[in-house]
Amino acid sequence: MGLVADLANPSRFMAYSARVLPWLCAVAALLLAIGLYLTVKAPPDYQQGETVKIMFIHVPAAWLAMMAYTLIALSSFGLLVFRHPLADVSAKAAAPIGAAFTALALVTGSLWGKPMWGTYWVWDARLTSVLILFFMYLGLIALRSSIEDEALAGKLTAVLSLVGIVILPVIKFSVTWWNSLHQPASVLRAGAPTIHSSILIPLLVMALGFTVLFFALHMKAMRNEILRRRVKALQMSEVERAAARVAGPATHPAE
Amino acid sequence: MLDLGPHAAFIWSSYGIVALVLGGLIGWLAYDGRRQQRLLDAFEQRGITRRSASGTQRRRP
């Protein structure tokens, strides 16, 4: 909590992130390189054969799709309750990245489904709820871009994102609540994972690499957003100065 | 070359799309960051700076 409070100052966040970002990028690249190597070396699954390799990118993308939304909801809570100056920046920056990971989860799942289930898509509870999550992301991005007033857009988007968080438990438990073609949880479940370590280890390394990459992308997007707001503030002040110059002679006529 | 069995096209397509989307995201963020920095630099060159950056913040009484 102390770090979050310390970074409430955008200038302090810019200085901190400038130091941390290169390291995050390097760690993400290293983890993804190791993960890809382990992916290539992983044995084929006894049922799915080599198509199990799609799991090493599909599952991390799906986890991050949900994590990004959780981050948006937490940031939105931070904006509405604590009025943290960077909460809205964080929520805005995470939305397109979360949408990208959700799209990747849907597309790679589809490409995995065709050889395994015989179809690219079924209106199954898990697939449909993730599609709704993707539309939630698009809704957040569209709502924000349709309102010119940045503060109002932030608040309305925050309310919508908090309402939309109900989709996360539905996604998580959809495979338990309803009959589904999608397999039940095999890593994050009560008891030990049901995956053999030869496949679990590459999956966890890839998931960690994707997660670090996500935080690097999010930090970079936050930096960009802070710069964009600074540019906008300067543009506004320049317009105000120009308007004052034009209005000046009319209100204060020369003697 | 890796032998990925009869469903190799699905595996390659999945990895290709992930590389494309993540590469695009990284490229877009890098471009956007440079663009915003250039705009900010242009303001500074014209002598227009933020109060907090120029150190001319109003002092509280």
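Reader: What percentage of the 255 residues in chain A is buried?
Author: In chain A, 36% of the 255 residues are buried, where buried stands for 20 or more other C-beta atoms within 10 Å of a residue's own, exposed for 12 or fewer and partly exposed for in between, with C-beta atoms placed from the backbone. Keep in mind that this is a predicted model, where local features need pLDDT of at least 70, side-chain atom pairs count only at pLDDT 80 or more, and totals for chains, interfaces and linings use all residues. As for names, residues are numbered from 1 along each chain as its sequence is written, while chains are lettered from A and ligands numbered from 1 in the order in which they are written.

Reader: And how much of chain B is buried?
Author: For chain B, 11% of the 61 residues count as buried.

Reader: How many helices and strands are there in chain A?
Author: Chain A has eight helices and zero strands; these are DSSP runs numbered from the N terminus, with helices being H or I of at least four residues and strands E of at least two. Its radius of gyration is 23 Å, well over the 18 Å from the globule rule for 255 residues, so chain A is more spread out than a compact globule. That radius is taken over C-alpha atoms, and the rule is 2.2 Å times the number of residues to the power 0.38.

Reader: What does the C-alpha trace of chain A span along its principal axes?
Author: About 95 × 40 × 30 Å.

Reader: What about chain B, how many helices and strands there?
Author: Two helices and zero strands in chain B.

Reader: OK, the core. Which residues touch the most other members of the largest nonpolar core?
Author: A:Ala61, A:Ala65, A:Ala68 and A:Phe101 do, in a core of 64 residues. A nonpolar core here is a set of buried Ala, Val, Leu, Ile, Met, Phe, Trp, Tyr and Cys residues joined through C-beta atoms within 7 Å.

Reader: Which helices supply at least two residues of this core?
Author: From chain A, α2 (10–41), α3 (55–82), α4 (87–117), α5 (125–146) and α8 (197–251), together with α1 (8–45) of chain B. The largest share, 16 residues, comes from α8(A).

Reader: What is A:Ala65 in contact with, leaving aside neighbours within four places in sequence?
Author: A:Ala65 is in contact with A:Gly98, A:Phe101, A:Thr102, A:Ala105, A:Val130 and A:Leu133. Contact means that the C-beta atoms of two residues, placed from the backbone, lie within 7 Å.

Reader: Switching to the interface, how many residues does the contact take from each chain?
Author: It takes 24 residues from chain B and 30 from chain A. On the side of chain B that touches chain A, the largest share, 17 residues, comes from α1(B). By class, that side has 14 nonpolar, eight polar and two charged residues. The classes go like this: Ala, Val, Leu, Ile, Met, Phe, Trp, Tyr, Cys and Pro are nonpolar, Asp, Glu, Lys and Arg are charged, and the others, Gly among them, are polar.

Reader: At what angle do α4(A) and α1(B) pack?
Author: About 170°, with their axes 9 Å apart. Axes are lines fitted to C-alpha atoms, for helices over the stretch in contact, and angles run from 0 to 180 degrees between N-to-C directions. That makes α4(A) roughly antiparallel to α1(B), given that angles under 35 degrees count as roughly parallel, over 145 as roughly antiparallel, 65 to 115 as roughly perpendicular and the rest as oblique. Residues making the contact include A:Leu104, A:Leu111 and A:Trp112 of α4(A) and B:Phe10, B:Ile17 and B:Val21 of α1(B). They divide into 13 nonpolar, three polar and one charged.

Reader: Where is A:Glu50, then?
Author: A:Glu50 is in the loop between α2 and α3 of chain A.

Reader: Buried or exposed?
Author: A:Glu50 counts as buried, with 20 C-beta neighbours inside 10 Å. Leaving aside neighbours within four places in sequence, A:Glu50 is in contact with A:Pro44, B:Leu4, B:Gly5, B:His7 and B:Ile11.

Reader: And where is A:Val52?
Author: A:Val52 is also found in the loop between α2 and α3 of chain A. A:Val52 is buried, with 22 other C-beta atoms within 10 Å.

Reader: Last one: what's the phi of A:Arg83?
Author: Positive, about 50°, although A:Arg83 is not a glycine. A:Arg83 is in the loop between α3 and α4 of chain A and is exposed, with 10 other C-beta atoms within 10 Å.
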